[in-house]
Number of protein chains: 2
Amino acid sequence: MKLLHTADWHIGRTLNGFSLLDEQKAAFKQIIQIAKDEDVDGIVIAGDIYDRAVPSTNAVTALDEMLQTINIENKLPIYAISGNHDGSKRLNYGRTWMELSNFHLNTLLEEAFTPIETPEAQIFMLPFFDPMDARVYYGNDDIHTIGDAMDLVLADMYKLFDANKKHILITHFAVTPSADEEIELTSETSSKVGGLATLTASQFDKFDYVMLGHIHTHNASPAENIKYSGSPVKFNVKEARMQHKNKGVYIVDITENSITSKFHEITPVTDLIVLEENWKTLLDPAFYKTQPTDKAWFAITIKEFKPSEHIHANVRAELQQIYGTVVELDYQRVKSEEDNESTRQNIGEMSHEDVVGQFYQSITGDPLSKDQKELVDNIFVELQKGE
Amino acid sequence: MKLLHTADWHIGRTLNGFSLLDEQKAAFKQIIQIAKDEDVDGIVIAGDIYDRAVPSTNAVTALDEMLQTINIENKLPIYAISGNHDGSKRLNYGRTWMELSNFHLNTLLEEAFTPIETPEAQIFMLPFFDPMDARVYYGNDDIHTIGDAMDLVLADMYKLFDANKKHILITHFAVTPSADEEIELTSETSSKVGGLATLTASQFDKFDYVMLGHIHTHNASPAENIKYSGSPVKFNVKEARMQHKNKGVYIVDITENSITSKFHEITPVTDLIVLEENWKTLLDPAFYKTQPTDKAWFAITIKEFKPSEHIHANVRAELQQIYGTVVELDYQRVKSEEDNESTRQNIGEMSHEDVVGQFYQSITGDPLSKDQKELVDNIFVELQKGE
């Protein structure tokens, strides 16, 4: 059988207030196309389906449509688990009806011990859980780390193994190649993943293949047979910076004799592009005309930024006129002589009004106007009365 | 065919902070038992399934279980529409799968024009909508009232009528017996329903039977063949006061020749009882021993209440010791001479501290303690500094 492995859809996510829903829908279209082209027998979604426990109405509607497209329109089985971002009880709504159409969803630890049986494989679906869940499930207060818990869970799964079949695990955790290794990963919870909160690849060695969610890049996959699919779209500037054209899904081909997997890229419709350039370059047509400004979002860091040169300019507006959507704007400042003069002052010796004025100027490039200054002064007078 | 008609479940509702979920579950058990005893062919839920657009996780789980019990466990078709309290998009989640099991759900005006066809009847399911929805649907800006809109909607339904079948409508609106009548109703939006926001029974006269939701008592049914089922439980003190043992469901028996309906009572497990008595009676065992204090909630109004007689008492605590759960406590005060003395003072002439002190005493029966008085005084000193 052939399965398409995806994860970390985070439907409903925003990036600095910009909705990623259109991009998520565009990525989904490509996922469906890959599923059709590869003639898969099912789609695995390895957790973090929604971005949060109480998703927005738009997110609920969008996910409903995607799941319908897979399961009703294309009659493909779904093998889904909840991740740490999903509200498992809420995600459960309606699943009894979905199960009748081969839409399998597990959201609780105790559900992980009933594998889906296919002619060639046993598919174990283990949703995200924490050590406390395992303590309750096993009635064992000595479970402290997720590693402790996983050893018990896996041991219980091994007991169910049918020796004539391949053994597949779908789960949602940080798994490192080896115990003493810490890898730089983009998950939702931390950028460095390791120590007590991680599992190691060797723990899973009785499984023939493990399909993971949680880490957003397939490059973080800890072994040949233990893969992260990564998220289908770039969710933040860090992901855009780390990775180039590496969002996608795995097609996993499972036979009685072998399991092979192949990564299939997803092309962003609106890419997230990180630029770190000085002002002159950013405004130079020779530079910006090489950028896909009509079909990308930009996160721009202005290098060697001199606020004094932009006193009367609206920097963001100027950049947006050229680049379109600027989702993030940052400055690497070069201190002018006057700046140095003032920042050399001990901030404690400055008046409140001057601190606000300098902060405003360093961010906007503009000094406070006369009216603004008066407003700030009045606020501090009022505050001091209050004291 | 036999249908059970219920409505206004308002799953997730609270009463002064007390969850009604247990009572709603108890009522649901009785609904299922009636459905089994009467061997019905389906269950109609005429809107306001949830209490709010974004229901709590517990409400979502509870509803999911109820719907499973009806549709999966007992294999009964469901005919449900959204009411004004439901978030129609959110309620939609999963319905494509549910439809495959004869769980029919309409949440949009445009879905109302595809009746469910049974051998003996056409069942039209018209969810709650407002005049604006109709304006958009018909592209007609002259629709101002729900009455205007409903005439257009019904006319479109009549075009679909199969003359060989009975015509049933399920909808969620305030419907009065005649145009110039205003009836006292308990709906969620207003207690007096009439005028522009209401429909009249005669508008529906081409339908053989109409199953309504929105008004919480079956006593408000505007005609023999246009019935409110009412809500299955009492939701507030007003409903408890107005009605005695009148929560329930209708069993509607539809044949080619006739339609008959019969009301079946639901017995509260924890009843909501309204008491309006004076203090002496409330504390008299001869009185309270006749009350079902171990299986009811109480809304108590103390008549002829004299705060001066309760200076050192915790009135609520005393009543709770006798009556158990007191969900609402109110006072009909008798002014003592001292009270009259002080309330005769112009409130503007009293000190802030005295206003707080008198308010506290009139509510709790206790004067402020020395510590409380000091705290109040200090707060006003701080506030005055701030001014």
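**View 1. Strands 7 and 8 of chain A run antiparallel and are joined by two bridges.** Strand 8 covers residues 121-126, and here A:Ile116 sits opposite A:Ile123 of that strand. Helices (H or I, at least four residues) and strands (E, at least two) are DSSP runs numbered from the N terminus, and two strands pair if DSSP finds at least two bridges between them. Strands of a sheet pair through backbone hydrogen bonds, either parallel or antiparallel.

A quick note on what you're looking at: this is a predicted model, where local features need pLDDT of at least 70 and side-chain atom pairs pLDDT 80 or more, while totals for chains, interfaces and linings use all residues. Residues count from 1 along each chain as its sequence is written, chains are lettered from A and ligands numbered from 1 in the order in which they are written, and side-chain values use heavy atoms, leaving out hydrogens and water.

**View 2. Zoom out to an open sheet of five strands in chain A, ordered 7-8-9-14-15 with mixed pairing.** Strand 7 (116-117) and strand 15 (226-228) are its edges, each pairing on one side only.

View 3. (Rings of Phe, Tyr and Trp, the last by its six-membered ring, pair if their centres lie within 6.5 Å; planes under 30 degrees apart are stacked, over 60 edge-to-face, the rest tilted.) B:Phe124 is in strand 8 and B:Phe207 in the loop between strands 13 and 14 of chain B, so the pair ties together parts 83 residues apart in sequence. Both B:Phe124 and B:Phe207 are buried (under 20% relative accessible area; exposed is over 50%, partly exposed in between, with a 1.4 Å probe and protein chains only).

**View 4. B:Tyr288 and B:Tyr323 make another edge-to-face pair, at 6.2 Å and 70°.** B:Tyr288 belongs to helix 9 and B:Tyr323 to helix 10 of chain B, 35 residues apart. B:Tyr288 is partly exposed at 21%, while B:Tyr323 is buried at 0%.

**View 5. Helix 10 of chain B has three buried residues: B:Val315, B:Leu319 and B:Tyr323.** They span an arc of only 40° around the axis, so they share one side of the helix (the arc uses directions from the helix axis to the C-beta atoms). An α-helix has 3.6 residues a turn, so residues three or four places apart point the same way. Just past helix 10 of chain B, B:Gly324 takes a positive phi of about 85°.
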